[in-house]
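Please look over the sequence and the model shown here before reading the notes on helix packing and side-chain contacts.

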Amino acid sequence: MLSTIAFDADDTLWQNETFFRLTQDRFATLLADYADAAHLHDRLLAAERRNIGHYGFGVKGFTLSMIETAIEVTDARVPASVIAELVAAGRDMLEHPIELLPHVRATVTALAQEYRIVLITKGDLLDQERKLAQSGLGDLFDAVEIVSHKTAASYSSIFRRHGTGADQAMMVGNSLKSDVIPALEAGSWGVYIPHGLTWALETADLPVDHHRFHELTDLSALPTLVARLA
């Protein structure tokens, strides 16, 4: 049986990584006198990797990692004006309007007629709450969970609280590492919908041999898959 369908938020329901890439381009332009874009990308990614445990996921941690990288690559000579630009860039990201991805509203609305619908996302609490409020999708979800990390244990716990257990739940998302693989480990179905732009720290190998793994081109195909499984 399938009783609960959970969705990731960023780059599954609405655009997110696009804005990070645009800001990263802005970051490279601001620091072009100190390092080339490829080197800055590698240094920034390394900073994000080591800072996740301190800042978590989201715009605020990304902004702090940009500032830290700017200080490092300039040997602490980065102008205050550049730091101010980076802070402004982070603020712009936090204020950017929500842009729903294709087929999101129709798909979630249709499935909400028959299934318990849950939003499971990670990142900054205030920013995720803002995006959900602006999306206009809030009333379609029976529960919303904003977590620090997505693990098999967290999925098991969420699907116990908001469903009938992980084995009767499905997680839908664009990240193999966070959305699909840990959900499969918890005993759920895992549905992968590639976005096209994926943060390097969210990549993983396709679990093609897992009997509960499915890959779709976009959300419009999800109701058909759900009907077939049910």
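This is a predicted model: local features need pLDDT of at least 70, side-chain atom pairs count only at pLDDT 80 or more; totals for chains, interfaces and linings use all residues.

Residues are numbered from 1 along each chain as its sequence is written, and side-chain values use heavy atoms, with hydrogens and water left out.

**Packing of α1 and α2**

- Helix α1 (residues 17-30) packs with helix α2 (residues 37-55) at an angle of about 120°, and their axes are 10 Å apart; helices are DSSP runs of H or I with at least four residues, and strands are runs of E with at least two, numbered from the N terminus.
- The axes are lines fitted to C-alpha atoms, for helices over the stretch in contact, with angles running from 0 to 180 degrees between N-to-C directions.
- That angle makes α1 oblique to α2, a class left over once angles under 35 degrees are taken as roughly parallel, over 145 as roughly antiparallel and 65 to 115 as roughly perpendicular.
- On the α1 side the contact (heavy atoms within 4.5 Å) is made by Gln24, Phe27 and Ala28, and on the α2 side by Ala37, Leu40, His41 and Leu44.

**Gln128 in helix α6**

- Gln128 has its place in helix α6 (residues 125-135) and is buried, with a relative accessible area of 4%, where buried means under 20%, exposed over 50% and partly exposed in between (1.4 Å probe, protein chains only).
- The side chain of Gln128 makes a polar contact of 3.5 Å with the side chain of Asp10; such a contact is a pair of N or O atoms within 3.5 Å, and within protein one must be able to donate a hydrogen and the other to accept it, with residues adjacent in sequence counting only if both atoms are side-chain atoms.
- A polar atom of the Gln128 side chain also lies 3.3 Å from the backbone oxygen of Lys122.

**Lys131 in helix α6**

- Lys131 likewise lies in helix α6 and counts as buried at 5% relative accessibility.
- The side chains of Lys131 and Gln128 are joined by a polar contact of 2.9 Å.
- Leaving aside residues up to four places away in sequence, Lys131 touches Asp10, Trp14, Asn16 and Ile98.

**His210 in a loop**

- His210 is found in the loop between β5 (189-192) and β6 (213-215) and is partly exposed, with a relative accessible area of 29%.
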